[in-house]
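Morning, everyone. Let's have the model on the screen, and then I'll walk you through it.

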Amino acid sequence: MRQSIIQWFRFASPQSFYPLAGRMIPWFWAAAAISGIAGLWISFFVAPTDAQQGEGYRIIFVHVPASWMSMFIYLVMAFWAGIGLALNTRVSAMMAQSLAPTGALMAALSLLTGALWGKPMWGAWWVWDARLTSELILFFLYLGFMALQAAIDDPRRADKAGAILALVGVVNIPIIYFSVKWWNTLHQGSTINLTKAPSMAQTMLWGMLLMALAFWMYSIAVSLMRVRAIILERERHTEWVKHAVE
Amino acid sequence: MQWNSVGEFFAMGGYALYVWGSFGACALLMIAEPFLASRRLSEVRRSLIRERIADELESQQRSQ
């Protein structure tokens, strides 16, 4: 028992996580590519035309995955930041730092594809509605986290300040998620919900889930790539880093 | 499949700007991000290699 716990903690050191991340990246890229190709095929060639929105609804296949990932990455980022704050593990803080730009990208894509969907369907690129505004706040939270970390010279202090910001910001996630229930909004209700059967055609649902899987695998792959760079940048004074690059 | 021609596929039932704009924006950003991440990694690796070469040169000079 004790031995196995120690085994897990071994990967909490940058020195052993750096090569491990390197070995995992190609697998996540492969998973992203396979699910992405399958998801795009369904999105454009299998899923039928929507009765109300015609072909315009196909934006859902990128809008929903990007929005889900923007919220999910925030939770994962806050989790690692919190672990880093509580246990003082360096890799967790680096992981949080690495996830922020990917989360910001997903939030930006969610807002952008949402605007491109809103214009033809609602007649407006943007409305100050609860769902849209809370997602915009999420985007700003990511930017604030990155800016705060970049503004503090001592990386360990930057980790601590960033972690507190990330943890406080978690309050925004349920607000985004439940905004369509709590307030009257222009945004449609959730397409998928844990208690009810999904309110969409089976093929549309599969397309959306495969695209979400692709976005998920993409996010893991790209944040592992970035965390490797962060590990080398922050551990450059150590002996192992000098031998890690040949 | 609901498309009768390639033109019809690209027209997206009149929603071409919005549908292709959305997928295009995703493709663009999701190609740019891994490119930037891998450039960041290779930059830090290059600077570490330069640093090591400088260290080696310095120790050689000292031993001479």
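Which helices cover the buried residues of α2(A)? Keep in mind that this is a predicted model. The cover includes three helices of chain A: α3 (60–87), α4 (90–122) and α8 (202–234).

What are they covering? In α2(A), the buried residues are Pro14(A), Phe17(A), Ala21(A), Phe28(A), Ala32(A), Ser35(A), Gly39(A), Ile42(A) and Ser43(A).

Now α2(A) itself. The helix runs over residues 14–46, which is 33 residues. From first C-alpha to last, α2(A) reaches 45 Å. That is close to the 48 Å expected at 1.5 Å a residue. There is a kink, though. The bend is about 30° and lies at Met24(A).

Next, chain B. Chain B has 2 helices and 0 strands. Along the principal axes, the C-alpha trace of chain B spans about 80 × 20 × 15 Å. Of its 64 residues, 17% count as buried.

Last, the contact. Chain A puts in 32 residues and chain B puts in 25 residues. On the chain A side, the elements giving two or more residues are α3, α4, α8 and α9 (239–244). The most comes from α4(A), with 9 residues. By class, that side of chain A has 18 nonpolar, 6 polar and 8 charged residues.

That's the tour. Over to you.

Definitions and conventions:
Residues are numbered from 1 along each chain as its sequence is written. Chains are lettered from A and ligands numbered from 1 in the order in which they are written. This is a predicted model: local features need pLDDT of at least 70, side-chain atom pairs count only at pLDDT 80 or more; totals for chains, interfaces and linings use all residues. Helices (H or I, at least four residues) and strands (E, at least two) are DSSP runs, numbered from the N terminus. A residue is buried if 20 or more other C-beta atoms lie within 10 Å of its own, exposed if 12 or fewer, and partly exposed in between; C-beta atoms are placed from the backbone. The expected span of a helix is 1.5 Å times one less than its number of residues. The bend at a residue is the angle between axes fitted to the seven residues ending there and the seven starting there. Two residues are in contact if their C-beta atoms, placed from the backbone, lie within 7 Å. Ala, Val, Leu, Ile, Met, Phe, Trp, Tyr, Cys and Pro count as nonpolar, Asp, Glu, Lys and Arg as charged, and the others, Gly among them, as polar.
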